[in-house]
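Subject: Structure for your files

Dear colleague,

Please find the structure below, handed over to you together with its sequence.

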Amino acid sequence: MRLPSSSTADRPTFEDRSPGISLPRYVAGPLVQVARRLLLATGVMALAVVLVYLDRRGYHDNHDSEVSFTDVLYYVTVSLSTTGYGDIVPASDGARLLTTFCITPLRVAFLIILVGTTLEVLTERTRDQWRLAYWRKHLRDHTVIVGFGTKGRSAAETLISGGLNQDQIVVVDPDAQVVESANALGFAGVVGDATRSDVLVRARADRARQVVIATQRDDTAVLVALTARQLSKHIRIVASVREQENVPLLRQSGADAVITSASAVGRLLGLSMMSPSSGAVMEDLIQHGKGLSLKERPVTNEEAGGSPRDCADLVVSVIRGHRLLPYDDPDVATLELTDRLVVIHRVTPEEEHQIARRAQDRGPGSWRIPRR
């Protein structure tokens, strides 16, 4: 049994900061909003300075009777902030009209910008904290995907095409940029090392229905499986490994199903060489939502009491209790209502349209909080 060598230099560390939770959203961050509003406030002040400076002869300075550019800047500052010391005042009719119809609206706009910024930032922060607390409290029976590379993305796409909602998938990855890309696709994400129990707890793996382990290293997959199984005895764990000899180790670590990625690809390559048509059929079967598709479903009332051969779909296997039996096994010659069937199902145009429609709606979500 062989595992890749592991060293601390090859694995990310998170001692300096706690891993964060990131939910998808479109809204810009508070710093961006503040910077944007500060630019607007500066623009309002600059416009007021220009207007007053052009009509500076209509203003009177009680100190030296001369209104310089510094005096104009000072007057605009105290006027827009509603301080109004009264040492510089509009003296001419034109200056008073300018103050009435230009400076006063600019003062109102300036106050709206500043007060609006404070209220918006506080409201956004409160809303984010409330939504994060709501998410933590109500998230359950979801799917945690550990590792969002090619395998993790493909697993997420298959789950969504199979009817799972985006808000029922949480991505865990040590790379913050990868989690941001998951946010862009509409998934919640947790930045951190999934071999640590506190990271999986942040993803609520203790209340999840299943965990998909799609890490790049087999030793990492083993540790993640052990950690997830420690958090929950009932969670379903599906893991991917590169080496076939590590499959028993993953199963001993708590994985319910283990997929050998390298071997599976090699078998498909060999099958495509020996029988190109068979390889094309297998490729069609593993692509959910098009052509032929493997599907697990319950036995219907019409099918109960009949033979697997009488079903509308092509039955491959029958799940009875905890046993997976082939369709021609004598024990499943008569189907029971509590059985489940693994069938080859022809995807109808209506189903393809629904899947394509869900894919179009799978853009970035309308809700998001920044990584904490």
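Asp141 is partly exposed, at a relative accessible area of 41%, where buried stands for under 20% relative accessible area, exposed for over 50% and partly exposed for what lies in between, with a 1.4 Å probe and protein chains only. Please bear in mind that this is a predicted model, in which local features need pLDDT of at least 70 and side-chain atom pairs count only at pLDDT 80 or more, while totals for chains, interfaces and linings use all residues. Residues are numbered from 1 along each chain as its sequence is written, and side-chain values use heavy atoms, with hydrogens and water left out.

Although Asp141 is not a glycine, its phi is positive, at about 55°, and the residue sits in the loop between helix H3 (93-138) and strand S4 (143-146); helices (H or I, at least four residues) and strands (E, at least two) are DSSP runs numbered from the N terminus. Arg204, also a residue other than glycine, has a positive phi near 55° and is placed in the loop between helix H6 (197-202) and strand S7 (210-213), but Arg204 is buried, with a relative accessible area of 18%.

As for the protein as a whole, its secondary structure comes to 11 helices and 13 strands, and 39% of its 372 residues count as buried. Among contacts (heavy atoms within 4.5 Å) with a separation of 6 or more, 69% are between residues 24 or more positions apart.

Strand S11 (residues 314-320) and strand S12 (residues 323-326) run antiparallel and are joined by 4 bridges, pairing being assigned if DSSP finds at least two bridges between two strands. Val318 stands opposite Leu325 in S12, and in the hairpin, which has 2 residues between the strands, Gly321 takes a positive phi near 70°.

The whole structure contains 2 aromatic pairs, that is, rings of Phe, Tyr and Trp (its six-membered ring) with centres within 6.5 Å, counted as stacked if the planes are under 30 degrees apart, edge-to-face if over 60 and tilted for the rest. Tyr53 and Phe69 meet edge-to-face, at 5.7 Å centre to centre and 75° between the planes; because Tyr53 lies in helix H1 (residues 30-54) and Phe69 in helix H2 (residues 69-80), the pair ties together parts 16 residues apart in sequence. Phe148 and Phe187 are likewise edge-to-face, at 5.9 Å and 70°, and they link distant parts of the chain, 39 residues apart, with Phe148 in the loop between S4 and helix H4 (150-161) and Phe187 in the loop between helix H5 (176-184) and strand S6 (188-191). Both Phe148 and Phe187 are buried.

There are 10 salt bridges, each a side-chain nitrogen of Lys or Arg within 4 Å of a carboxyl oxygen of Asp or Glu. One of them joins Arg320 to Glu336 at 3.8 Å, N to O, and since Arg320 lies in strand S11 and Glu336 in the loop between S12 and strand S13 (340-346), the pair ties together parts that are 16 residues apart in sequence. Arg320 is buried at 15% relative accessibility, whereas Glu336 is partly exposed at 38%. Asp331 and Arg323 form another salt bridge, at 3.7 Å from N to O, and shared partners join Arg297, Glu303 and Asp313 into one network of salt bridges.
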